[in-house]
Amino acid sequence: MLHANEDYLVVKVTGADGSQSSSIKLGEGEVAETIELYNFSYDSFTYEVDYEGNTLYRPQGEKVYGPAKLSIRGNKRFGQGFGYVVLKISPVVNKIKQINGTVMIPNESTNVEISIEGSEDLSTWSTVQPGQYSGNEGNRYFRVKAQRTN
């Protein structure tokens, strides 16, 4: 649900596979969150996030923390695509921040649950157990999730 007192951006993506939206600059302490997704003909979207020259590709819908530049890429196997993404830009409200692909937990009385998730396709994620993972198992991606518990 959209609220009149919040900041929203509507980002358009159009064109062939790999077409990219214009870049959105997120300042320190800002987070971009996907509110609505209108995908008329792309197979999927990927978020391209630039942290001061380090470019990461994230699954669509994932929150993006600043400072960073965010753009959205349309993935289309054949032909042309067209879609819109509505983003809400707001200040980070909890004390856990993501900076340049790392998670910072402040030195305060904040209780945080840390978990590791794995994926083979960057869109379906599940919690994984600690251990060793062989490169013979195919592509495998990992991410660390920090969530405030109090």
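This is a predicted model: local features need pLDDT of at least 70, side-chain atom pairs count only at pLDDT 80 or more; totals for chains, interfaces and linings use all residues.

Biologist: Why is Ile116 called partly exposed?

Modeller: Ile116, found in strand β11, has 39% relative accessibility. Buried means under 20% and exposed means over 50%, so Ile116, at 39%, counts as partly exposed.

Biologist: Now the inside. Which residues have the most contacts inside the largest nonpolar core?

Modeller: Those are Tyr47, Val64, Leu70, Ile72 and Leu87, in a core of 17 residues. Strands β1, β2 (24-26), β4 (44-51), β7 (68-75) and β8 (81-91) each supply at least two core residues, and β4 gives the most, with 4.

Biologist: What does Leu87 touch?

Modeller: Leaving out residues up to four places away in sequence, Leu87 touches residues including Leu9, Val11, Ile24, Ile35, Tyr47, Leu70 and Ile72. Its contacts also include Asp7 and Glu33.

Biologist: Why do β1 and β6 count as edges of their sheet?

Modeller: That open sheet has 4 strands in the order β1-β8-β3-β6, with antiparallel pairing. Both β1 (7-15) and β6 (64-65) have a single partner strand, so one side of each is left without a neighbour in the sheet.

Biologist: How do you know that β3 and β6 pair?

Modeller: Pairing requires at least two bridges, and β3 (residues 30-39) and β6 have 2, in the antiparallel sense. Within β6, Val64 is the bridge partner of Ala32.

Technical notes: Residues are numbered from 1 along each chain as its sequence is written. Side-chain values use heavy atoms; hydrogens and water are left out. Buried means under 20% relative accessible area, exposed over 50%, partly exposed in between (1.4 Å probe, protein chains only). A nonpolar core is a set of buried Ala, Val, Leu, Ile, Met, Phe, Trp, Tyr and Cys residues joined through side-chain atoms within 4.5 Å. Contact means heavy atoms within 4.5 Å.
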